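Q: I am new to this structure and would like a close look at a single part of it. Could you take me through the nonpolar core and the side-chain pairings around it, step by step?

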Amino acid sequence: MSAGDKVVLTLPNEYQLVLRSEQQLGCARYIVNEVFKKRSYWREGFEIGPTDTVVDIGANVGVFALWAASQAGRVVSVEPTAAIECLEASLAANGIKNVTPVRNAVSNETGTLKLLEHPGFNAVSHHANFEQTRWNQRFIRLFFRKEQQPPIEVECPCTTLAQLLIDLEI
């Protein structure tokens, strides 16, 4: 499961999900369960086909993208945080060519956006002005059991959904 500092999780579709650390494993397993076992993104009549383009906004480490990649003609995965590096590593490890990772945020205007990221923990990133609820704080402690570092503020590029679709010729 571990490859140097990286952690590799084999998904039910046999793709390898490459994570940056053990700290991401709990959240990744939760998302894998939602996507593959509970089939939360599968809806009768809305199946993904080989000529379809799927736009995944908030891609995180890329579990959904790795699920959709074998079904869709094209997957665009949008994620503003460093979690997208896991997707990029997973795409390389699996030789997947039909997924385009885009490191960006999507909002109602273009420019930049300040986010709070929790180092080593990718499940909860949010706008810098968002005040965390007790639930969010408990959620972080549940999955992030080691000594928690304070969140860091990062600035990321931001675009509108309309502009993203134009830029990617969708």
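A: What follows is a description of the core, and then of the aromatic and charged pairs.

The model is a predicted one, and the protein in it has five helices and 10 strands. Of its 170 residues, 42% are buried, and among the contacts with a separation of 6 or more, 58% are made by residues 24 or more positions apart.

The largest nonpolar core has 29 residues, and those with the most contacts inside it are Leu-17, Leu-19, Leu-66 and Val-99. At least two residues of this core come from each of strand S2 (6-10), strand S3 (16-19), helix H1 (25-37), helix H2 (63-68) and helix H3 (84-94), with H2 giving the most, namely six residues.

Another ring, that of Trp-42, has the charged end of Arg-39 sitting over it, 4.4 Å from the ring centre.

Turning to the charged side chains, the count gives four salt bridges. One of them joins Glu-34 and Lys-38, at 3.2 Å from N to O; Glu-34 is buried, with a relative accessible area of 18%, whereas Lys-38 is exposed, at 53%. Another is formed by Glu-85 and Arg-103, whose closest N and O atoms are 3.3 Å apart. This pair links distant parts of the chain, since Glu-85 is in helix H3 and Arg-103 is in the loop between strand S6 (99-102) and strand S7 (105-107), 18 residues apart. Glu-85 counts as partly exposed, at 35% relative accessibility, and Arg-103 is partly exposed too, with a relative accessible area of 42%. Together with Arg-20, Glu-85 and Arg-103 are linked in a network of salt bridges.

Conventions
Residues numbered from 1 in each chain as written. Predicted model: local features only at pLDDT ≥ 70, side-chain atom pairs only at ≥ 80, totals over all residues. Heavy atoms only, no water. Core = buried A, V, L, I, M, F, W, Y, C linked by side-chain atoms within 4.5 Å. Buried < 20%, exposed > 50% of the residue type's maximum accessible area, 1.4 Å probe, protein only. Helix = DSSP H or I, 4+ residues; strand = E, 2+ residues; numbered from the N terminus. Contact = heavy atoms within 4.5 Å. Lys NZ or Arg CZ within 6 Å of the ring centre and 35° of its normal.
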